[in-house]
Every structure is written in structure tokens, then in C-alpha cells.
Amino acid sequence: MRTFSLLKGLPVFELKTGNKAGDICDLSITGTGKVQGLLLRKGALLKKTYIINIEDVTSFGWDGVMIEDSSVLQAIPKHEDYTCETHNRLTGKMIMSQEGERLGLLEDVYFREELGTIVGYELSDGFFSDVLEGKRVIKTDDPPAIGKDAIIVNVK
């Protein structure tokens, strides 16, 4: 299990050549709460963003992510998927339980690397609450309902 914050900024390397393909900058998440792929920034001066499907990742290490070669890099299509920090941003969105309880604001997601399934959410109640009480993590097996105003989850 891994969080987005641990992946952000990690280099992506090609197994065949040993070349660095770029750095992870975001996650692509479907409307059903599944991690579809990794967004990667490539280039020195003029950085371009690509997507790598989660199935095309050979391995997730603590110091880098491995792919077979750069042929798995794809231009980002125009779609309605969500990301943690850029297009259709989920970070900072309100999380509500199915019972109507306000749980907090989304800070990070926990997901299974091999499947791309989100299994938990790290929540914040604000800076002072985080300092005094810490951030909360809620776990769920069911896919969330992601809307314009809130994310509805079934809390265990």
C-alpha cells in the first residue's frame, strides 16, 4: 500500500535503457475511485506531462518507479477523470460518510500499487486540529461517489 505523497516527485526509470523518463507529478483517478495511472513530467526547460497506465508500471520502489521503456508514455487525453492536485482536483475536497457525517478534507489517498485500488483516505480538519490531534485515516472497500461538492464514502 502506498500514498500519493510518497510517490510525488519520484523518478521513473526505463528498465531496458536505464534512462530516466521523468518524475511523477500526480495520479489519474477515475470517477469510481480507482487509480488509472501516474502523471509524469518530462523535460528540462519545457516540461511536458504524460500518463502511464498503472498496468504498465513494472515495479514501485521507495526510490523510483520502473517501466519497461518509454513506449508506455502516452499524451494526456482530454477526459473527465480526477487527479490529486491538478485537473479536477480531489485534494481539499470535503469527504462525507453515507450517513451524512462530515469527515474532513481530503489530504492524501492510500492505494494498492498493483491494482490501483484506493483503500483509504487521509483527512484533515484544519491546521490547528492537525497539530493538536493529528490527521485521520479512514478505510473503505467500496468505491466512492465523487461529486462536484463532496466525496461520499462508506466508512468501515
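Which side chain does Lys16 meet in a salt bridge? The partner is Asp69, and the N to O distance is 3.4 Å. A salt bridge here is a side-chain nitrogen of Lys or Arg within 4 Å of a carboxyl oxygen of Asp or Glu. The model is predicted, so local features need pLDDT of at least 70 and side-chain atom pairs count only at pLDDT 80 or more, while totals for chains, interfaces and linings use all residues. Residues are numbered from 1 along each chain as its sequence is written, and side-chain values use heavy atoms, with hydrogens and water left out.

Strands (E, at least two residues) and helices (H or I, at least four) are DSSP runs, numbered from the N terminus. Buried means under 20% relative accessible area, exposed over 50%, and partly exposed in between, with a 1.4 Å probe and protein chains only.

The structure holds three salt bridges. Another of them joins Glu113 and Arg2, at 3.1 Å from N to O. This pair links distant parts of the chain, with Glu113 in the loop between β11 (102-112) and β12 (117-124) and Arg2 in strand β1 (residues 2-3), 111 residues apart. Glu113 counts as buried at 9% relative accessibility, and Arg2 also counts as buried, at 3%.

There is also a salt bridge between Asp23 and Lys20, with 3.2 Å from N to O. Asp23 is partly exposed at 23% relative accessibility, and Lys20 is partly exposed at 49%. In general, side chains of opposite charge can pair when their charged atoms come close.

The cysteines come next. How many disulfides are there? The count is zero, where a disulfide is a pair of cysteine sulfur atoms within 2.5 Å. Cys25 is in no disulfide, and the nearest cysteine sulfur, that of Cys84, lies 11 Å away. Cys84 is likewise in no disulfide, its nearest cysteine sulfur being that of Cys25. Are these cysteines buried or exposed? Cys25 is buried, with a relative accessible area of 11%, and Cys84 is buried as well, at 4%.
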